[in-house]
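Here is a short report for a reader who is new to this structure. Please look over the sequence and the model first, then read on.

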Amino acid sequence: MYSACCEGIAQILADFMPASVLRAAGVTRLVGGGGALARSELVQQRLLGLVKLLGELYNDLVIDSPIIFDALYTFISGGNERVGILPDPPADFTRVRLVCTLLDTCGHYFDRGVTKKKLEVFLAHFQRYLRSE
């Protein structure tokens with residue numbers, strides 16, 4: 001699960017940033033690590049840091065809103081289909097933290113127009129995810 005999130009973030013960032021920046025941020029090590037390592041708090045904190053970076057890139061107009069929404073849907077679907085929901089282990093709220101961190105960082109810009117509608121649709125999917133959790 002965590003490796004799918006890491007791979008999704010790494011792919012999103014790779015499309016818009018030089019490889020040297022990604023290596024400096026430690027994205028390649030996050031994607032390479034799996035299994036028990038992916039469940040460690042250190043990896044989760046790095047993942048949250050990358051999500052915060054993604055939000056800050058949106059705030060600074062480096063990336064556009066479709067990238068943010070792709071990331072949000074990737075978090076709740078585990079990288080599969082946009083609306084598919086994968087079960088998580090009990091009491092594991094990493095995906096919820098990822099979504100909340102990204103929306104806390106840049107969600108206040110989605111208050112009008114098309115992005116407001118997209119956010120409303122995403123929040124409906126997110127509520128469905130939370131109910132299934």
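Val51 lies in helix H4. Helices here are DSSP runs of H or I with at least four residues, strands are runs of E with at least two, and both are numbered from the N terminus. Val51 counts as buried because its relative accessibility is 0%. Buried means under 20% relative accessible area, exposed means over 50%, and partly exposed lies in between, with a 1.4 Å probe and protein chains only. The C-alpha atoms of Val51 and Thr105 are separated by 8.8 Å. Along the chain, these two residues are 54 residues apart.

## About the model

This is a predicted model, in which local features need pLDDT of at least 70, side-chain atom pairs count only at pLDDT 80 or more, and totals for chains, interfaces and linings use all residues. Residues are numbered from 1 along each chain as its sequence is written, and side-chain values use heavy atoms, with hydrogens and water left out.

## The chain as a whole

The chain has seven helices and zero strands. Read from the N terminus, its elements run α-α-α-α-α-α-α. The chain holds 133 residues, and 44% of them count as buried. Its accessible surface comes to about 7,200 Å². Carbon and sulfur atoms account for 57% of that surface. These areas come from the Shrake-Rupley method with a 1.4 Å probe, and for residues only the protein chains shown count as cover.

Contact means heavy atoms within 4.5 Å. Take the contacts between residues at least 6 apart in sequence: 67% of them join residues at least 24 apart.

H4 covers residues 41-59, which makes 19 residues. From its first C-alpha to its last, H4 reaches 27 Å, close to the 27 Å expected at 1.5 Å a residue. The expected span is 1.5 Å times one less than the number of residues. Buried residues of H4 include Val43, Leu47, Leu50, Leu54, Gly55 and Tyr58.

Leu61 sits in the loop between H4 and H5. Its phi is near 65°, a positive value in a residue other than glycine. Most residues other than glycine have a negative phi. Leu61 counts as exposed because its relative accessibility is 75%.

## The nonpolar core

The largest nonpolar core has 26 residues, and Ile68, Leu72, Val99, Leu102 and Phe122 touch the most other members. H4, H5, H6 and helix H7 (113-132) are the elements that give two or more residues to this core. H5 gives the most, with eight residues. A nonpolar core is a set of buried Ala, Val, Leu, Ile, Met, Phe, Trp, Tyr and Cys residues joined through side-chain atoms within 4.5 Å.

Val99 is in contact with Leu72, Phe75, Ile76, Phe122 and Phe126, leaving aside neighbours within four places in sequence.

## Helix H6 and Cys106

H6 has 13 residues, which should span 18 Å at 1.5 Å a residue. Its end C-alpha atoms are 19 Å apart, which agrees. Among the buried residues of H6 are Thr94, Arg95, Val99, Leu102 and Thr105.

Cys106 is also found in H6. Cys106 counts as buried because its relative accessibility is 0%. Its contacts, apart from neighbours within four places in sequence, are Gly55, Tyr58, Asn59 and Ile68. The C-alpha atoms of Cys106 and Tyr58 are separated by 6.8 Å, although the two are 48 residues apart along the chain.

## Polar details

A polar contact is a pair of N or O atoms within 3.5 Å; within protein, one must be able to donate a hydrogen and the other to accept it, and residues adjacent in sequence count only if both atoms are side-chain atoms. Asp92 is in the loop between helix H5 (65-77) and helix H6 (94-106). Asp92 is buried, at 10% relative accessibility. Its side chain makes a polar contact with the side chain of Thr94, at 2.8 Å. Ser77 is in H5. Ser77 is buried, at 2% relative accessibility. The side chain of Ser77 reaches the backbone oxygen of Tyr73 at 2.7 Å.

The structure holds one salt bridge. The term means a side-chain nitrogen of Lys or Arg within 4 Å of a carboxyl oxygen of Asp or Glu. Arg112 forms a salt bridge with Asp111, with the closest N and O atoms 3.6 Å apart. Arg112 is exposed, with a relative accessible area of 60%, and Asp111 is partly exposed, at 42%.
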